[in-house]
Protein chains: 2
Amino acid sequence: MTSDKLIHARNFSHLFSDEARRRKPSPIKTTMAYFQDPEVVFLGAGMPPSEIFPLKAMSIEVPRPPFVGGLARCEDTMVGTLSREQKDLTFDKDVPLARALQYGNSRGQSELLNFLKEHTRLFHHIPYKDWDIITTTGSTQSWDASLRIFCNKGDTVLLEEYTYSSSVEAAEAQGLNCVPMAMDDEGIIPEKLENLLENWTGVYPGTPMPKLLYTIPTGQNPTGCTLSDNRKPYIYSLAQKYDMIIIEDEPYYFLQMDPYCPQDQREAATNAEAKSNEAFIRSLSRSFLELDIDGRVVRLDSVSKTFAPGCRLGWIVGSRHLLDTYWNLHEVSIQSTCGFAQSIISGILNRWGQCGYVDWLKGLRQEYTLKRNWCLDHCHKYLPSKVVTVPPVSAGMFFMLHVDASKHPEFQTTFQGNKALLERYIYEKCVAAGVLLACGSWFKVKSPTSGVEKVNDNTTMSFRGTYASVPPDAMVKGLSILGETLKKEFKLI
Amino acid sequence: MTSDKLIHARNFSHLFSDEARRRKPSPIKTTMAYFQDPEVVFLGAGMPPSEIFPLKAMSIEVPRPPFVGGLARCEDTMVGTLSREQKDLTFDKDVPLARALQYGNSRGQSELLNFLKEHTRLFHHIPYKDWDIITTTGSTQSWDASLRIFCNKGDTVLLEEYTYSSSVEAAEAQGLNCVPMAMDDEGIIPEKLENLLENWTGVYPGTPMPKLLYTIPTGQNPTGCTLSDNRKPYIYSLAQKYDMIIIEDEPYYFLQMDPYCPQDQREAATNAEAKSNEAFIRSLSRSFLELDIDGRVVRLDSVSKTFAPGCRLGWIVGSRHLLDTYWNLHEVSIQSTCGFAQSIISGILNRWGQCGYVDWLKGLRQEYTLKRNWCLDHCHKYLPSKVVTVPPVSAGMFFMLHVDASKHPEFQTTFQGNKALLERYIYEKCVAAGVLLACGSWFKVKSPTSGVEKVNDNTTMSFRGTYASVPPDAMVKGLSILGETLKKEFKLI
């Protein structure tokens, strides 16, 4: 990392897909250089007249920082008016609606981008100079775009052994090979990854070496585990050695919590609120961005978990050279992020300021810490520890239950030693009893070599639960039903 | 067309791309059947808690119907408050923000979809029963999705000879063959299209027969022409005979105007405002949807030109069977249309009601008629009719100037009979003089057979202008500069 920031990102166009390479600069777009040039009457682009956009003004009522006493109980609000015209702005950092709702600015509105850049600088020290940000319609779209930009049919993508099922579905539908990376409670195991890459042709004969390494480092979906900071330099060096792009998908980054400790050893309240902003920032995981001396990391960020998923507003941090390619794709697909979302989110963030937003994120940490504690406390209370293990979660929205299938009395008989059958059976028994958790196998990345399981083939079956939006009484009821069902099925009562 | 609507759409899955075929139903999505089931504690999906979404409420100030005296001068407004919780709604058809901003409903919010369905029924009589609507992030994304759903690399798409350049760029980047359809002032020429399809292997040896027929029927970009209703049944029958999907991209549908007549023969005002809603609806072009007894038409609609482009809210009308495939793609790409856009647009439309929205659309017709008249009046005033032809435009945002290159004194000498060179030269002369129009060649679809121009190879060069957002005095100035430049370059002064 250099303090004078003189390093430039490397060029990775050799990794682009044929589709990305075929995208040529469009002549019509070159005319935009003359848009708003006072010397030229611009009859070049078909923009509807903004004076008849039907929105005269909008106002938003939002919580006012500091968010004392927790986000859910925050009664103090502020009202901001978003005006259509620049001259009528009530707040000088607002995006005027006439601009937010017009064509153009497909990278994002400058008022929003400037805030997000400053926010990024606060949390990550990127070692190269020419990094940038582009807005997206959320990280699912950012991932889809990443696949279109880097991968041709038949190319290979590495993903954590258990991962977000939609990420796998998107890649598989595009005809890509999805290869699992072995992981444990601290995420991807670098030694095993290195071993895999070194012996690639032996393990996956005929499958190309991977172009992308996709990871959800923090509060991973579905496992809830967080990739240890200690492992990241090793993994980054493997990406360098094997010339891969790292896609760092971080929707849960700001759902990092205080470590879990059992109820009787816990302080009365979490101490997150009391932490200074600096201490809060230091307490968070370090990003691959910070290790990225090459410019090969693409970070996917989003307000889906910090604000709300329906905003459909995400952003990508990466080298300008890579982001230009996303821009070219966006111009012929999503065009831009919704102008309402941009002006509203920008309106909130700029009114709060960086400090206010950090205060919001600290409040979020507190909310999720309480939710996670409540959930794990009741897991320990209700679930039979003889057959169930509950790893202590420290980030994200999910917890995972590992159940030892071999302890089921009929595992070898009725279920013929097939843990997938037993998992499905237990899932259905739980739903019938009144609680639904997702099956772990739904998130398992299948090896491209059919029939051969390369990683972690044991008798542990898993279930994913969430505590994010579950009311406390429902959580108690759900975990109690789950405990009863497991005890009954495993003949523990 | 049947009045009892018993016909069902046919199944077109044989036309799906490999990518669309590979998309499997996801097990995690099956759990959503239990979401909000009172009998089941749902720990299945990771939804953030809506009680801490930072929006307490929003209010929007919009024009109030009827829009007397024109949209731009409409001073009477109404304010609507969009509440977070269902129980606090001030208007019972609003989408509560807690739902609009949550995951789920990736087809679109029901309050919006219901309005759009009723709107669709008002304007189109679809002959089959099982049609539906899905929201998108605008028609550019709808087109991108259509290509992903129907086309494999190497497949063929038919487009109008001149068309929206981004539509071609999207298809070409995906490795598709773009084949131009000959057109005149009334759009696609069906006889020429039939001739092309009958002699396909002779004309384009080695190029697969087309899967998609893409058309911008109304106020076409860039030509401004509108496909004659009389030609549509012929074109539809060709789509049937050659088993193609018709993609009907209709962003300018509601920018249809009263026919142009020269200033001195014109009534004092347009009569659109005076027309009844029924007469207005009857005055519009008929859609391919209305001819669609098979369910092979996919109509792309959008509020980009009726409200504002930055809404990034469009929708697709088509058979439910086809739209399910778009839904599957959306779930791993855009997820859904922005919740702010959906609740705001739904809030406006449902407050106005169908009648109010039709009144808005009639107002839009009036605004564009005035803009078009002003533009064409000044074309006739300033442009040298010896070398320039200006077709009378009756829909959309664009006008086209056809300039006879052969009348340029140096066409055969300095420009060696190459109209592309002269077009570029005139373009640059105009920009230097202070007016910018787009070159017609930028919108020309190149035949996949390299070097051979199959259609319309003559000495006409064209320029595309817009009147949509150009203030009256700028239009006068721009066209006057254009006229002077052409006269000077063609030695007419």
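Predicted model: local features only at pLDDT ≥ 70, side-chain atom pairs only at ≥ 80, totals over all residues.
Local features need pLDDT of at least 70, side-chain atom pairs count only at pLDDT 80 or more, and totals for chains, interfaces and linings use all residues. Residues are numbered from 1 along each chain, chains are lettered from A, and side-chain values use heavy atoms, with hydrogens and water left out.

Q: By what turn can chain A be laid on chain B?
A: Copies are superposed by least squares on the C-alpha atoms of residues with pLDDT of at least 70 in both. The RMSD is 0.0 Å, with a shift of 0.0 Å along the axis, and the turn is 180°. The two copies are thus related as by a two-fold rotation axis. The turn asked for is 180°.

Q: Which residue of chain A comes closest to the rotation axis?
A: The distance is taken at the C-alpha and comes to 2.6 Å. The same surface serves both copies, as 100% of the contact residues of chain A recur in chain B. The residue closest to the axis is Ser59(A).

Q: What area is buried between chain A and chain B?
A: The size of an interface is often given as the accessible area lost when the parts come together. Here buried area is the accessible area (1.4 Å probe) that two parts lose on being put together, summed over both. Contact (heavy atoms within 4.5 Å) takes 109 residues from chain A and 109 residues from chain B. Carbon and sulfur atoms give 63% of the buried area, which is about 8,500 Å².

Q: Which helix of chain A gives the most to the side that touches chain B?
A: Between the chains there are 43 residue pairs in polar contact, both at pLDDT 80 or more. A polar contact is a pair of N or O atoms within 3.5 Å; within protein, one must be able to donate a hydrogen and the other to accept it, and residues adjacent in sequence count only if both atoms are side-chain atoms. Helices (H or I, at least four residues) and strands (E, at least two) are DSSP runs, numbered from the N terminus. With 12 residues on that side, the helix is α12 (residues 339–382).

Q: Which residue of chain A meets Lys29(B) in a salt bridge?
A: A salt bridge is a side-chain nitrogen of Lys or Arg within 4 Å of a carboxyl oxygen of Asp or Glu. The count between chain A and chain B is four. Lys29(B) lies in helix α2 (residues 27–30) of chain B and its partner in helix α6 (residues 165–173) of chain A, so the pair joins two chains. At 3.3 Å, N to O, the partner is Glu169(A).

Q: How many residues apart in sequence are the parts that Arg10(A) and Asp294(A) tie together?
A: The closest N and O atoms of this salt bridge are 3.8 Å apart. Arg10(A) lies in the segment before α1 (18–22), and Asp294(A) in the loop between α10 (277–283) and β11 (297–302). Arg10(A) is partly exposed at 39% relative accessibility, whereas Asp294(A) is buried at 8% (buried is under 20% relative accessible area, exposed over 50%, partly exposed in between; 1.4 Å probe, protein chains only).

Q: Which residue forms a salt bridge with Arg351(B)?
A: Arg351(B) lies in helix α12 of chain B, and its partner in the loop between β3 (77–83) and α3 (97–100). Both residues are buried. The closest N and O atoms are 2.8 Å apart, and the partner is Asp94(B).

Q: Which residue caps the N-terminal end of α13(A)?
A: Helix α13 (residues 419–433) of chain A has 15 residues and reaches 21 Å, close to the 21 Å expected; the expected span is 1.5 Å times one less than the number of residues. Its buried residues include Leu422(A) and Ile426(A), and what covers the buried residues includes β17 (460–466) and α14 (472–489). Gly434(A) follows the helix, with a positive phi near 115°. A side-chain oxygen 2.9 Å from the backbone nitrogen of Ala420(A) belongs to the cap, Asn418(A).

Q: Is Pro222(A) buried or exposed?
A: Pro222(A) is found in the loop between β9 (210–215) and α9 (232–241) of chain A. Among the residues it touches are Tyr162(A), Phe398(A) and Arg464(A). With a relative accessible area of 0%, Pro222(A) is buried.

How values were computed. Lists of a residue's contacts leave out its neighbours within four places in sequence.
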